[in-house]
Amino acid sequence: MAQVLEFKLPDLGEGLTEAEIVRWLVEVGDVVAVDQPVVEVETAKAMVEVPCPYGGVVTARFGAEGTELPVGAPLLTVAVGETADGRPAGADTAGSDG
């Protein structure tokens, strides 16, 4: 069965407590691979692409472009594993609205 995992904004550098979402690189319903960049954020020190630690289907995004999020705030959720009928999560995204 697919499990939904939450990916939180990681600590991007010494002393940084927040980052601004500059551009989303994925939509809800997209299939992502482990370490695939999913969002571009800007901190006080740099602009960086943040990779996702999970592979699966994006089920939600948190924060619009231009929103500042504190470190540890949810960025997105990803469904990983298999669906109830045994297919990998994301094998059929035809019904998604993303």
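The structure is a predicted model. Its mean pLDDT is 87, and 84% of the residues reach 70 or more. Four strands form an open antiparallel sheet, and a hairpin joins β4 to β5. A search of the whole structure finds three salt bridges.

**Confidence**

- The protein chain has a mean pLDDT of 87, with 84% of its residues at 70 or more.
- Over residues 92-98, however, the pLDDT is below 50. Beyond near neighbours in sequence, this stretch has six contacts in the model.
- Where pLDDT is low, the predicted coordinates should not be read in detail.

**The four-stranded sheet**

- The strands of the open sheet follow the order β1-β8-β6-β3, and their pairing is antiparallel.
- Strands β1 (3-8) and β3 stand at the edges. Each has a single partner strand, so one side of each is left without a neighbour in the sheet.
- Strand β6 (residues 56-61) pairs with strand β3 (residues 31-32) in the antiparallel sense, over two bridges. In this pairing, V31 stands opposite V57 of β6.
- Strand β6 also pairs with strand β8 (residues 74-80), again in the antiparallel sense, over four bridges. Here V58 stands opposite V78 in β8, while A60 has T77 of β8 as its bridge partner.
- In general, strands of a sheet pair through backbone hydrogen bonds, either parallel or antiparallel.
- In a regular strand the side chains alternate between the two faces of the sheet.

**The β4-β5 hairpin**

- Strand β4 (residues 37-42) and strand β5 (residues 47-51) are paired in the antiparallel sense over five bridges.
- The hairpin that joins β4 to β5 runs through four residues.
- Within this pair of strands, V41 stands opposite V48 in β5.

**Salt bridges**

- Side chains of opposite charge can pair when their charged atoms come close. The search of the whole structure finds three salt bridges.
- K8 and E6 form a salt bridge in which the closest N and O atoms are 3.8 Å apart. K8 counts as partly exposed because its relative accessibility is 43%. E6, at 36% relative accessibility, likewise counts as partly exposed.
- R23 and E40 meet through their side chains in a salt bridge, at 3.4 Å from N to O. This pair links distant parts of the chain, with R23 in strand β2 (residues 18-24) and E40 in strand β4, 17 residues apart.
- R23 has a relative accessibility of 40% and therefore counts as partly exposed. E40 has a relative accessibility of 15% and so counts as buried, the cut-off for buried being under 20%.
- E27 and R61 meet through their side chains in a salt bridge, at 3.6 Å from N to O. This pair too links distant parts of the chain: E27 lies in the loop between β2 and β3, and R61 lies in strand β6, 34 residues apart.
- E27 counts as partly exposed, at 39% relative accessibility. R61 is also partly exposed, with a relative accessible area of 30%.

Key. Residues numbered from 1 in each chain as written. Predicted model: local features only at pLDDT ≥ 70, side-chain atom pairs only at ≥ 80, totals over all residues. Heavy atoms only, no water. Pairing = 2+ DSSP bridges. pLDDT = per-residue confidence, 0-100. Contact = heavy atoms within 4.5 Å. Salt bridge = Lys/Arg side-chain N within 4 Å of Asp/Glu carboxyl O. Buried < 20%, exposed > 50% of the residue type's maximum accessible area, 1.4 Å probe, protein only.
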